[in-house]
Amino acid sequence: MDKLLNKLVVTKLKDLIKAIRACRTMADERAVIAKESAFIRTAIREETVETRYYNVQKLLYIHMLGYPAHFGQIECIKLAASHKLAEKRLGYLGVMMLLDETQETLTLVTNCLQNDMNSSNVFIAALALTTLGNIASPEISRDLCGDVEKMLGSTNSYVRKKAALCAIRIVKKVPDLAENFVERSRSMLLERAESSLLTGISLAIEVCKAAPELVSEFKEQVPVLVKHLKNLVTTGFNAEFEVSGVPDPFLQAKILSFLRILGTHDPRASEIMNDILAQVATTTDSSKNVGNSVLYEVVRTIMSIEAEQAVKVVAINILAKFLESPDSNARYIALTTLARHATSSSSLLLSTAADSTTSLHRHRATILACLHDSDTTLRAKAADLAFCIVTRDNAAALIKDLLVHLEREFGAGPEIRGALARRIVDCAAKYRINPAWEVLVNLRVLQLAGDAGRGSGMDIVMFNFVKVISVASEDLQVVAARRLFWSVKNGGDLISEKEWYLIAAVWCSGEFGDLIVDSDFVGVQVEGVAQIVGGDVGEEIVFATAPTEADVVAFLEGLLKGHFSSVVVKAFTLMALIKLSVRFADATALQHIKSLIGKYQPNVEVDIQTRAVEFGAILSLDSEAKYGLLERMPVLDSSLKEEEAKGPSSDTPFESAKILASAPSQVSSAVQDLLDLNFDIDTTSTIVPKTQNFTELFGGISLVAGGASSENGSKPDLLSDLFAALPTSLPQASQDVPTSLDALAGLHHEATIDPVKSPVAAKSRILCFDKASLQIYLVPTHSKKDGAELIDVAVAFENTGFAAVTNLSFQVAVPKSLRLKMNPPSSTFIPPSGTATQSMAIENPTNAAVKLRLKIGFLAGNEKVQEIVEFADL
């Protein structure tokens, strides 16, 4: 042959490789390839049979180097049809390399494949099956499905293995043919040879994936698979397949994958697997990656089937070990697996506080530690898992950690930070501790991710903040608006970069400007402001200080002039100014507002110019029209529905603290008797539990009326001026005696009654307030204990109008001779024709006349009601 090749001047593959390696540049290499390709084309045209084998060899090498070799496809098919095994092997290799299922030339191989699969030579049959398993198209799969099924029944295990691999390709290409391989794949599960058993299980898995209705056909094989797995764990099949001390980890992983499919939603099959899964989980060596791969499959199987609780705890502990591993891959796998199954109703991942010692919550610290990992992918997966394990009991602590994580992700892309911010505010809304806590979380998110930019999803966070603050109490609106005002005003460049935070501050300044400057509102003193807000935001007392109207206008003017303010911020600022034109009363401030709006009418920005011109026209309208246009934004219907869905929550720590301006010395003698009152709301009923205290989120927050506490530690008299300008007489509260059974007639049973008391007959319900569609009834129950009179009062709120009642506030003051304990209301939101309840207990040691002073505040539609009622008929 060598003499013949020399006579034909044909180079061998070895000579071509030498020539290419001798090239100094890519140009030289391309020249050699072009010359050799031209010679091969000439040989193909002349149909030189003697050199076909060598030409195909060189063509495949040229193809591996990345140069075109498609012109040799037919030559490969001709070699595959040869009767010589060497030529057939090279031909099939060329077919697999140069052809794919999308080429029409592939149909020319169908007949050759069929003939070779029926060959008596097992190597030729296996070669044809291998080729079909790599290049089979849906058409060829349908044509040769019967031959492959026949080969699965071969007496040679090597051929059966190749046929099973080919059947997997056919099932993937044509799922309708999966049923044809059920019987053969089921019989292969009884194989003794490990390689044949492995391919048989792989075929059965693909059949079940392609046709889930066929899973039941394999249920009877669960004991067989369990037996195979047990033999692997206890004795091992063959030392040849042992890897790092783990017997045949590939077969173990495949068996576990098949058991996962068979045990899903099948308690009977799961029960058979429990023992062997626990045995594999406890005996497999986890010091090397080989053992970890088997343990990973065990955990996935346990989490997917109806396993016993003890077995699932073992699986969680394995994942916890992965989390503590120094290998980043192991930690990533653990986090991914836990996040995938965290919401499964059949798992223990989300257990209650009662059994938290046997659940994932026991490893919460390890999971949260991954939030501080240097690997960004691990931090992202840890955040996903942290959201999955949030409950109402741990919401404060977990969201605090997630906020820290959001702060550290300053280098991440805007889409990532925006998505994380949305998930935090959604989680805070779902597991709300109290309205104040939710508002603070929203503000913190806006501050940390406020520079994420538009298109990052932060607009959704801003919309959520508007909804939350619009349904909040008036006191909470003041606290939030002042905090935004002072933090932006004193925050410097660090705050000015947070566009969304600026928008929130500007919007609140315009919407609640009259409340911000109202000095009658007593703010709160916040300790550790730098820890809460971050950066230099001024002294602690700023949140309790009411700015003047001139301060607010100057603040907005600074935003309009600031180089850092975007067009959107300036547009919101102009909107805030026009709102303040009807909320402020100071003539100087109003004139300043008018001049600012006029100044921006010739602005080069079309949006700013348009708004300024339109707002200038509004300023020229009469007062009635202007007030109608610029009245406070009504509460959105979606906000009311969401607030109702959230239900009652813990009391907000911001209690009502608006003090009337009248002096006590101006009060008549009739009222002077009641000035010795305390505003006693029992801390045992209003304080938030430690695990739900919103102060844990941002550090210690001290709530003190008037911005400071008294030196002796006693409570300040919040109502010392509250009753200054009241009428001199005490009108009797009207009584409403129902003539029929009323839906509220039994509310007195909701009052808290001590079993040792001597109950006396309760009065009928008493109407104490009826205004703006809200009726309030008191249902007292009198009793005696140790000579002191005890009165349990059930309070019923009834909405008789067509608009919802929101921001309901019901507060009671009593003389110091009495002791008052109040429980939180069932809801501060009352829909039309709806009701709400509240209870209180009064202890009267001196048996004196009981006199009450009620402060009632609520919002009925767009009408704001603030009333003080005297009551003396209990």
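In which loop is the place of S773? S773 lies in the loop between β5 (766–771) and β6 (774–785); strands (E, at least two residues) and helices (H or I, at least four) are DSSP runs, numbered from the N terminus. The model is predicted, so that local features need pLDDT of at least 70 and side-chain atom pairs count only at pLDDT 80 or more, whereas totals for chains, interfaces and linings use all residues. Residues are numbered from 1 along each chain as its sequence is written, and side-chain values use heavy atoms, with hydrogens and water left out.

Although S773 is not a glycine, its phi is positive, near 70°. S773 counts as partly exposed because its relative accessibility is 23%; the class lies between buried (under 20% relative accessible area) and exposed (over 50%), as computed with a 1.4 Å probe and protein chains only. A positive phi, of about 55°, also occurs at N847, a residue other than glycine. N847 is found in the loop between β10 (835–844) and β11 (852–860), and its relative accessible area of 39% makes it partly exposed.

Strand β10 is largely enclosed by the rest of the structure, because 7 of its 10 residues are buried. Pairing between strands requires that DSSP find at least two bridges between them. Strand β7 (residues 788–799) runs antiparallel to β10 and is joined to it by 10 bridges; A794 has S839 in β10 as its bridge partner. Strand β9 (residues 819–822) is likewise antiparallel to β10, with 4 bridges joining the two, and L820 stands opposite I842 in β10.

L580 counts as buried because its relative accessible area is 0%. Beyond its neighbours within four places in sequence, L580 is in contact (heavy atoms within 4.5 Å) with S509, G510, G513, V552, L556, L590 and I593. Of these residues, G510 is 70 residues from L580 along the chain, yet their C-alpha atoms are separated by 5.8 Å.

On the surface, L85, F123 and Y158 form a nonpolar patch with about 300 Å² of accessible area together. Such areas come from the Shrake-Rupley method with a 1.4 Å probe, and for residues only the protein chains shown count as cover. Patches are made of residues with over 30% relative accessible area and no salt bridge; like charges are joined within 9 Å, and nonpolar side chains (Val, Leu, Ile, Met, Phe, Trp, Tyr) within 5 Å. A salt bridge is a side-chain nitrogen of Lys or Arg within 4 Å of a carboxyl oxygen of Asp or Glu. L85 belongs to helix α6 (residues 85–98) and counts as partly exposed because its relative accessibility is 39%.
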